[in-house]
Amino acid sequence: AYYNTFINDPTTQMKAIYDHEGEHAQVTKYFGNPCMSLKSPYIDNCGFDAAGSMLDHIYGGLTQPVNHSGVGKIVPISQKK
């Protein structure tokens with residue numbers, strides 16, 4: 001019932017990718033723990049931009065990001081009001 005509310009054509013509106021490894025984490029192309037790690041901060045460097053792939057599927061035609069490997073750091077922020 002849930003998918004029927006939002007999905008008209010699953011063949012074009014949904015996309016499954018099975019040819020990239022990744023643990024229960026945000027899979028990235030250049031940053032994070034070694035691929036298949038299951039530890040904080042749950043960002044794994046698996047050589048695949050999962051977020052970019054998802055956004056390209058939704059919006060199409062995105063510009064490829066620049067490789068910023070080794071630049072910056074993760075900074076925790078509070079989301080409390």
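1. Ground rules. In this predicted model, local features need pLDDT of at least 70, side-chain atom pairs count only at pLDDT 80 or more, and totals for chains, interfaces and linings use all residues. Residues are numbered from 1 along each chain as its sequence is written, and side-chain values use heavy atoms, with hydrogens and water left out.

2. The disulfide. A disulfide here is a pair of cysteine sulfur atoms within 2.5 Å. The count comes to one. C35 and C46 form it, with their sulfur atoms 2.1 Å apart. The torsion about their S-S bond is about 100°, so the disulfide is right-handed.

3. What it joins. C35 sits in the loop between β2 (33-34) and β3 (43-45), and C46 in the loop between β3 and α3 (50-59), so the pair ties together parts eleven residues apart in sequence. Helices (H or I, at least four residues) and strands (E, at least two) are DSSP runs, numbered from the N terminus.

4. Exposure. Buried means under 20% relative accessible area, exposed over 50%, partly exposed in between (1.4 Å probe, protein chains only). C35, at 25%, counts as partly exposed. C46, at 18%, counts as buried.

5. The lining. α3 gives the most to the lining of the largest pocket: five residues. On a 1 Å grid over the protein atoms alone, a pocket is an open set of points where a 1.4 Å probe fits, with protein on both sides within 12 Å along at least five of seven lines; lining residues have an atom within 4 Å of a point. Among the lining residues are K15, E21, F48 and H57.
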